[in-house]
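I opened this notebook to keep track of what I looked up in one structure.

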Amino acid sequence: MTFISSPSTLSSGFAVESRCQQSIPALRDLADFSFAVCGAGHVPCGLICHPDREHILYPLGCTVVIQHLDTKKQSFLHGHADNVSCVVVSRDGMVMVWDVSKREAVCGSPASPRSAGNANVVMCSSCRDEMFVTAGNFTIRVWELDTATKKIHPSECYAGQLRRITVCVQMTDDDGDFYLGTTSGDVLKVNTSSKVVTACGPQKKKFSMGVTALLLPKTGGLIVGTGEGTVALCTGSDFQVKKRMRVEGAVTSLTCRGQDDQFFIGTNKGQMYRSAYATFKEELVAVCHTEAVNDIVFPEGHSDLFVTCSTNDIRVWYTPERLERLRITVPNVTCHAVEVTRDSMVIVSAGPMDFAGSPAVLVLQLR
């Protein structure tokens with residue numbers, strides 16, 4: 001199977017899945033882009049390591065970026081008319097099963113019971129094409145697909161007195177169990193066969209601002225990403241924290257580089273980090289604006305530098321190394337235009353009118 005992505009048409013962030021498995025597709029219809037800075041910060045599970053262990057993929061607006069991890073060379077997939085996301089369940093609360101080879105829907109069903117809320121996440125089985133799970137607002141379901149009758153049959157999972165809102169899910173390679181991250185700051189472990197919650201933790205000190213991303217490393221344990229920006233390695237049935245690190249922004253993606261001792265972290269602040277399981281130390285590898293880029297300018301006589309502006313900040317980029325060289329933060333201000341003086345010593349930016357009705361102009365001395 002090749003890379004599949006679909007656009008989001010809903011402002012709330014509900015959209016469809018982006019998935020990559022066996023091979024990088026032929027890149028025939030690409031624009032003449034040179035490179036892009038990091039994206040996928042606001043897209044849940046938007047940062048994906050390709051199984052070839054050489055590429056990483058992430059959505060950037062309507063485009064999907066494929067980047068080589070070592071050479072940093074990028075390719076771009078186009079075609080969507082709206083932003084690409086990674087959530088499979090649509091706002092209408094339906095689960096749709098598609099036959100990719102025939103490009104047609106097989107069947108559909110309500111994703112959650114009427115007594116519960118919407119389903120937020122879906123995870124397909126690693127071993128069986130006919131099984132997947134969904135979870136969301138007070139609902140956890142295991143689904144079985146009957147291809148002969150073109151029907152899917154849900155089974156409710158028993159959680160006892162636990163009532164949780166699920167925002168991320170991971171399943172073990174043998175499909176024996178799956179893990180759910182919740183807005184309450186804990187993790188649920190569910191047995192796929194019995195459809196019963198078998199563990200919940202941590203019990204005493206839950207993760208602040210919820211569990212927003214999960215990763216099951218080959219080395220064992222469970223890696224948890226939180227809305228507070230904590231990344232923790234948890235072990236045991238009570239999910240005790242053995243190691244932890246802190247990144248900037250809420251964690252939106254955790255993805256491993258195949259069997260290697262390496263994984264990547266994406267945050268809603270446009271930061272991409274790399275870490276090793278052994279050291280569990282974060283290394284910043286890419287950054288980008290967190291909102292739309294409103295203007296871009298190259299200083300006169302400096303083709304290796306350019307300046308961009310957005311909400312809350314202005315940034316200077318160095319093209320040969322594709323790195324951010326300078327960030328000027330102006331909180332709660334949106335910059336709509338930017339210019340650099342001929343001597344490259346001053347950046348002038350323009351924003352919306354202030355309370356007195358005058359345009360907001362900032363003059364920034366670089367040296």
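**Entry 1: the whole chain**

I noted at the start that this is a predicted model. I counted the secondary structure next and found zero helices and 29 strands in the chain. The chain has 367 residues, and buried ones make up 45% of them. I looked up the surface as well: the chain exposes about 18700 Å², and carbon and sulfur atoms supply 51% of that area. For contacts with a separation of 6 or more, I read that 41% are between residues 24 or more positions apart.

**Entry 2: strand 21**

I then checked which way the side chains point. Gln-271, Tyr-273 and Ser-275 point one way, while Met-272 and Arg-274 point the other way. I wrote down the general rule beside this: in a regular strand, side chains alternate between the two faces of the sheet. The residues on both sides of strand 21 are buried.

**Entry 3: the partners of strand 21**

Which strands pair with strand 21? I found strand 20, residues 263–267, paired with strand 21 in the antiparallel sense over four bridges. In that pairing Phe-263 stands opposite Ser-275. Strand 20 and strand 21 form a hairpin, with three residues between them. I looked at the turn and noted that Gly-270 has a positive phi of about 75 degrees.

Strand 22, residues 283–287, is also a partner. Strand 21 and strand 22 run antiparallel and are joined by four bridges. Here I found Met-272 opposite Ala-286.

**Entry 4: cysteines**

How many disulfides does the structure hold? I found zero. For reference, a disulfide is a covalent bond between the sulfur atoms of two cysteines. I looked up two cysteines by their accessibility. Cys-168 has 3% relative accessibility and counts as buried. Cys-234 has 2% and counts as buried too.

**Entry 5: salt bridges**

I found 13 salt bridges in the structure. As background, side chains of opposite charge can pair when their charged atoms come close.

I started with Glu-156 and Arg-141, whose side chains meet in a salt bridge at 2.3 Å, N to O. This pair links distant parts of the chain, with Glu-156 in strand 10 (residues 151–156) and Arg-141 in strand 9 (residues 140–146), 15 residues apart. Glu-156 is partly exposed, with a relative accessible area of 41%. Arg-141 has a relative accessible area of 10%, under the 20% limit, so Arg-141 is buried.

I took Asp-186 and Arg-164 next, which meet in a salt bridge at 2.9 Å, N to O. Asp-186 lies in the loop between strand 12 and strand 13, and Arg-164 in the loop between strand 10 and strand 11, so the pair ties together parts that are 22 residues apart in sequence. Are these two residues buried or exposed? Asp-186 is buried, with a relative accessible area of 0%. Arg-164 is buried as well, at 18%.

My last pair was Arg-325 and Glu-321, at 3.8 Å, N to O. Glu-321 counts as partly exposed, at 45% relative accessibility. I also found one network in which salt bridges with shared partners join Asp-313, Arg-315, Glu-324 and Arg-327.

**Entry 6: a nonpolar patch**

Which residues make a nonpolar surface patch of about 250 Å²? I wrote down Val-348, Val-361 and Val-363. Val-363 is in strand 29, residues 359–365. Its relative accessible area is 59%, over the 50% limit, so Val-363 is exposed.

**Entry 7: Val-196**

I ended with Val-196, which is in strand 14, residues 196–201. Val-196 counts as partly exposed, at 28% relative accessibility. What does Val-196 contact, leaving aside its neighbours within four places in sequence? I listed Tyr-158, Lys-189, Val-190 and Asn-191. Val-196 and Tyr-158 are 38 residues apart in sequence, yet their C-alpha atoms are 4.8 Å apart in space.

How values were computed:
Residues are numbered from 1 along each chain as its sequence is written. This is a predicted model: local features need pLDDT of at least 70, side-chain atom pairs count only at pLDDT 80 or more; totals for chains, interfaces and linings use all residues. Side-chain values use heavy atoms; hydrogens and water are left out. Buried means under 20% relative accessible area, exposed over 50%, partly exposed in between (1.4 Å probe, protein chains only). Helices (H or I, at least four residues) and strands (E, at least two) are DSSP runs, numbered from the N terminus. Two strands pair if DSSP finds at least two bridges between them. Contact means heavy atoms within 4.5 Å. Accessible areas come from the Shrake-Rupley method with a 1.4 Å probe; for residues, only the protein chains shown count as cover. A disulfide is a pair of cysteine sulfur atoms within 2.5 Å. A salt bridge is a side-chain nitrogen of Lys or Arg within 4 Å of a carboxyl oxygen of Asp or Glu. Patches are made of residues with over 30% relative accessible area and no salt bridge: like charges are joined within 9 Å, nonpolar side chains (Val, Leu, Ile, Met, Phe, Trp, Tyr) within 5 Å.
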